[in-house]
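Hi everyone, thanks for coming. Please have a look at the structure on the screen, and then we will walk through a few places in it together.

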Amino acid sequence: MTSREASQAPLEFGGPLGVTAMMVLLPATMFHLLLAARSGPARLLGPPAYLPGLEELWSPWALSLLFMWLGLQVALYLLPARKVAEGLELKDKSRLRYPINGFQALVLTALLVGLGLPAGLPLGALPEMLLPLAFATTLTSFISSLLLYAKALAAPDSALAPGGNSGNSVYDFFLGRELNPRLGSFDFKYFCELRPGLIGWVFINLALLVREAELRGSPSLAMWLVNGFQLLYVGDALWYEESVLTTMDIIHDGFGFMLVFGDLAWVPFTYSLQTQFLLHHPQPLGLPMASLICLIKGLETIPTATGRHLLVSGWWGMVRHPNYLGDLIMALAWSLPCGVSHLLPYFYLLYFTALLVHREARDEQQCLRKYGRAWQEYCKRVPYRIIPYIY
């Protein structure tokens, strides 16, 4: 897609006005959730119990801690990888190379934290720093997005994202102009996609577990379960890190504020909402833990014009996006240990449902362009999008 074609393409998210609102509402929502989780009422809807002043939000120590965390993850990213994978073919027919060492980074980070705890690492103090850390990360996200936008102004057309070079600076700042901004071999988008935010989410959870043990003598079963579920989710994502190379974030979206803020701030501080809630609102666990294993075999396919095949049996024969259904089931599973007395812990499930419905609509458009009639036939064979017999 040329720059002229991109500028004539329909704009997403309500165009410049919509993305401007999102750049205000997303950080505001994140801070509302942080404040609500620690407040007595723990209300998802309604104003927060109080509004923090700048002295409570700004902390040079929090900014330093953020930079140390990012520096550690950059160093781990640059270590020799167990594998180097090639991405999909770009407009100029080249393929970028990516180190597959995200799981290695998670394990090494865990080892460092494990060695630090006996030496006096105050991990249990981290929950009291979540507000200033979130504030520092939000500022860093805005500044980083500005630098990425400036860098993209000098990028060739072949390096621009399909949707992030509309010609409107606000819209392009939000979506990101450059598809794969790099400094040498260091890929900023790929690094942020699964490293600092996802691994940070795990260790924020761990810090909340440690703090609960300090306050109550031992972590609750609910806290253990949520930590375990979410660690499994993150560990799985990092173990199969190579699969991210075919996602829309990597192959279609530019690296602008939407992904920068989402990866660095929204993920660790919003996705840890359940453990934040449990620290301040302990819940008796009355639901048994259940495990479900699904095996897919005997897969029937439809050939496409690209030479690939579309699955039309197994889970893919029931819904067109079973991976999204799995995400929603997991989101419910790690919300249930928080009980049903408050809506707040279920924010992630509500938010993720809306996100996946929107993303599914974008996927449908991409697949129709990519597979053509084969996709239309697939849609007739598999009419349900995410939830069988419902949607």
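Let's start with the residues around the largest cavity: Leu 34, Ala 37, Arg 38, Pro 127, Glu 128, Leu 130, Leu 208, Gln 276, Leu 279 and His 280 line it. Keep in mind that this is a predicted model. The space inside this cavity comes to about 60 Å³. Two helices, α2 (15-38) and α13 (273-280), each supply at least two residues of the lining. By type, that lining has six nonpolar, two polar and two charged residues.

How many cavities of 30 Å³ or more does a search of the whole structure find? The search finds three.

Now to single residues. Is Glu 212 buried or exposed? Glu 212 has a relative accessible area of 1%, which is under 20%, so this residue counts as buried. Glu 212 sits in helix α9 (residues 196-216). A polar atom of the Glu 212 side chain is 2.9 Å from the backbone nitrogen of Ser 220. Leaving aside neighbours within four places in sequence, Glu 212 has contacts that include Met 223, Leu 278 and Leu 279.

Last stop: Pro 268, in helix α12 (residues 257-271). Pro 268 is buried too, at 4% relative accessibility. Pro 268 and Gly 197 are 71 residues apart in sequence, yet their C-alpha atoms are 5.3 Å apart in space. Beyond four places in sequence, Pro 268 also touches residues including Trp 201 and Ile 204.

Conventions
Residues are numbered from 1 along each chain as its sequence is written. This is a predicted model: local features need pLDDT of at least 70, side-chain atom pairs count only at pLDDT 80 or more; totals for chains, interfaces and linings use all residues. Side-chain values use heavy atoms; hydrogens and water are left out. Helices (H or I, at least four residues) and strands (E, at least two) are DSSP runs, numbered from the N terminus. Buried means under 20% relative accessible area, exposed over 50%, partly exposed in between (1.4 Å probe, protein chains only). A polar contact is a pair of N or O atoms within 3.5 Å; within protein, one must be able to donate a hydrogen and the other to accept it, and residues adjacent in sequence count only if both atoms are side-chain atoms. Contact means heavy atoms within 4.5 Å. On a 1 Å grid over the protein atoms alone, a cavity is a set of points where a 1.4 Å probe fits but cannot get out, and a pocket is an open set with protein on both sides within 12 Å along at least five of seven lines; lining residues have an atom within 4 Å of a point. Grid points are joined across faces, edges and corners, and a volume is the space filled by probe spheres set on the points. Ala, Val, Leu, Ile, Met, Phe, Trp, Tyr, Cys and Pro count as nonpolar, Asp, Glu, Lys and Arg as charged, and the others, Gly among them, as polar.
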